[in-house]
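Dear colleague,

Please find below the structure that I am handing over to you, with its sequence. I would be grateful if you could read the notes that follow with the structure open before you.

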Amino acid sequence: MDLCCGLSMVARLQHIYTEGGVLIQDVPVLFCPTCLHTEIAPDIEMDFHLFAHNCETDRVRSASLSDAVGDEKILQILEKYPEDERIRSNQRVLPEQIDATLDLMITAKQQNDQAWYNELVERLQMFRSLLGVKRG
């Protein structure tokens with residue numbers, strides 16, 4: 001999933017502990033500046049799991065993912081998901097996200113998809129709370 005809260009996620013490097021207790025460094029992670037959701041970049045997720053398994057099997061306690069996949073692959077992922085206006089402006093919600101969500105609500109209503117419509121209402125409520133907007 002490259003989209004979250006109506007905009008593309010951005011990439012950053014992060015250290016991740018595996019379930020087996022291995023610290024994997026320099027992992028490209030997608031991050032949503034709006035809701036703060038993170039996930040391993042899909043382009044490297046399989047490499048991460050294989051590398052983590054190998055480290056756990058070899059009883060390695062700490063390793064860098066760039067040793068396994070190379071710096072070039074990691075840089076390509078970081079370039080694919082650059083910073084956006086939310087980070088540059090230090091805002092968690094942008095007007096474009098609200099506009100896109102309202103447009104989707106119209107579509108959901110036209111398709112009589114109440115579940116989708118309710119999800120979008122919840123998203124708007126989250127946006128409102130992040131903006132600090134009070135009901136009048």
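The notes below concern salt bridges, a strand hairpin and a pair of helices. Please bear in mind that this is a predicted model.

Salt bridges

A search of the whole structure finds two salt bridges. In one of them, Asp-43 pairs with Lys-80, and the closest N and O atoms are 3.1 Å apart. This pair links distant parts of the chain, since Asp-43 sits in the loop between strand S5 (38-40) and helix H1 (45-57), while Lys-80 belongs to helix H3 (residues 71-80), 37 residues apart. Asp-43 is partly exposed, at a relative accessible area of 34%. Lys-80 is likewise partly exposed, with a value of 47%.

The side chains of Lys-73 and Asp-47 form a salt bridge as well, with an N to O distance of 2.5 Å. Because Lys-73 lies in helix H3 and Asp-47 in helix H1, this pair ties together parts that are 26 residues apart in sequence. Lys-73 has a relative accessible area of 28% and is partly exposed. Asp-47, at 24% relative accessibility, also counts as partly exposed, because only residues under 20% are classed as buried.

Strand hairpin

Strand S3 (residues 10-17) and strand S4 (residues 23-31) run antiparallel and are joined by seven bridges. Within this pairing, Tyr-17 stands opposite Leu-23 in S4. The two strands, S3 and S4, form a hairpin with five residues between them. In the turn, Gly-21 has a positive phi of about 85°.

Helix pair

Two packed helices are described by the angle between their axes and the distance between the axes. For helix H5 (residues 95-110) and helix H6 (residues 114-131), the axes come within 9 Å and cross at roughly 160°. Angles over 145 degrees count as roughly antiparallel, and H5 and H6 are therefore roughly antiparallel to each other. Their crossing is left-handed. On the H5 side, the residues that make the contact include Ile-98, Leu-102, Met-105 and Ala-108. On the H6 side, Trp-116, Leu-120, Leu-124 and Phe-127 are among them.

With kind regards

Methods
Residues numbered from 1 in each chain as written. Predicted model: local features only at pLDDT ≥ 70, side-chain atom pairs only at ≥ 80, totals over all residues. Heavy atoms only, no water. Salt bridge = Lys/Arg side-chain N within 4 Å of Asp/Glu carboxyl O. Helix = DSSP H or I, 4+ residues; strand = E, 2+ residues; numbered from the N terminus. Buried < 20%, exposed > 50% of the residue type's maximum accessible area, 1.4 Å probe, protein only. Pairing = 2+ DSSP bridges. Axes fitted to C-alpha atoms, helices over the stretch in contact; angles between N-to-C directions. Parallel < 35°, antiparallel > 145°, perpendicular 65-115°, else oblique. Left-handed = near helix turned anticlockwise from the far one by under 90°. Contact = heavy atoms within 4.5 Å.
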